[in-house]
Amino acid sequence: QVQLVESGGGLVQAGGSLRLSCAASGRTFRSYTMGWYRQAPGKQRELVAKVTSGGTTTYADSVKGRFTISRDNAKNTADLQMNSLVLEDTAVYYCAAGLESWVMAGAGYWGQGTQVTVSS
C-alpha cells in the first residue's frame, strides 16, 4: 500500500514558478513510476509528467521546457518544478504512483490533489 500527500500548490502570477512535492509512504516507492496529473474545471485529466523507477522522464507537450519532474528515492518524494507558468496551468495537480502502465492509465495510487492557480 502506498499513500501519497501533495504539497506546494498556491496562487502565483503568470511567469512565476511553483514547486510541488509528493511525499510517499511505503517500501515499494523506489520500484514505482511517479507521475503528476492535472485537471482543470471542465477539462479532461492530463498526465503532465512522469518519472520511471529508472529515472526516465516524460512530459506533456504543453509543459515541455517549463516543468521538471524529479524523484528522491531516499526521501520517498517526487517533485514537480513548474516555471514560466501560464494561465492555462491553473488546475488541481495530483500525484500518482504505480507500475508505469497503471500511471499511464490513470490508475494506481493517488494523492488528494493540490490547487495551482495562475493569475494574470
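Which residue takes a positive phi in the hairpin of β7 and β8? N76 does, with a phi near 55°. That hairpin has four residues between the strands.

This is a predicted model, where local features need pLDDT of at least 70, side-chain atom pairs count only at pLDDT 80 or more, and totals for chains, interfaces and linings use all residues. Residues are numbered from 1 along each chain as its sequence is written, and side-chain values use heavy atoms, with hydrogens and water left out.

**The open sheet**

Strands here are DSSP runs of E with at least two residues, numbered from the N terminus. Two strands pair if DSSP finds at least two bridges between them. Four strands form an open sheet in the order β1-β3-β8-β7, and the pairing is antiparallel. The edge strands are β1 (3-7) and β7 (67-72), each pairing on one side only. From one strand to the next, the twist averages 15°. That angle is taken between axes, which are lines fitted to C-alpha atoms; angles run from 0 to 180 degrees between N-to-C directions.

Strand β3 (residues 18-25) joins β8 through six bridges. Along this pair, A23 stands opposite T77 in β8. Six bridges also join β7 to β8. Five of the six residues of β8 are buried, so β8 is largely enclosed by the rest of the structure. Buried means under 20% relative accessible area, exposed means over 50%, and partly exposed lies in between (1.4 Å probe, protein chains only).

**A closer look at D79**

D79 is found in strand β8, residues 77-82. Is D79 buried or exposed? D79 counts as buried, because its relative accessibility is 14%. S21 stands opposite D79. S70 stands opposite D79 too.

| Side chain | Partner side chain | Polar contact |
|---|---|---|
| D79 | R19 | 3.3 Å |
| D79 | S21 | 2.8 Å |

D79 also touches other residues, among them L20, C22, W36, T68 and I69, not counting residues up to four places away in sequence. Contact means heavy atoms within 4.5 Å.

**Around W36**

W36 has bridge partners in two strands. In β9 the partner is C95, and in β5 the partner is A49. Strand β4 (residues 33-39) pairs with strand β9 (residues 91-98) in the antiparallel sense over seven bridges. Five bridges join β4 to strand β5 (residues 46-51), again antiparallel. The hairpin of β4 and β5 has six residues between the strands, and G42 takes a positive phi near 75° there. Six of the seven residues of β4 are buried, so β4 is largely enclosed by the rest of the structure.

**The nonpolar core**

A nonpolar core is a set of buried Ala, Val, Leu, Ile, Met, Phe, Trp, Tyr and Cys residues joined through side-chain atoms within 4.5 Å. The largest one has 29 residues. Those with the most contacts inside it include W36, L80 and M82. Several strands each supply at least two residues of this core, including β4, β8 and β11 (114-119).

Notes
A polar contact is a pair of N or O atoms within 3.5 Å; within protein, one must be able to donate a hydrogen and the other to accept it, and residues adjacent in sequence count only if both atoms are side-chain atoms.
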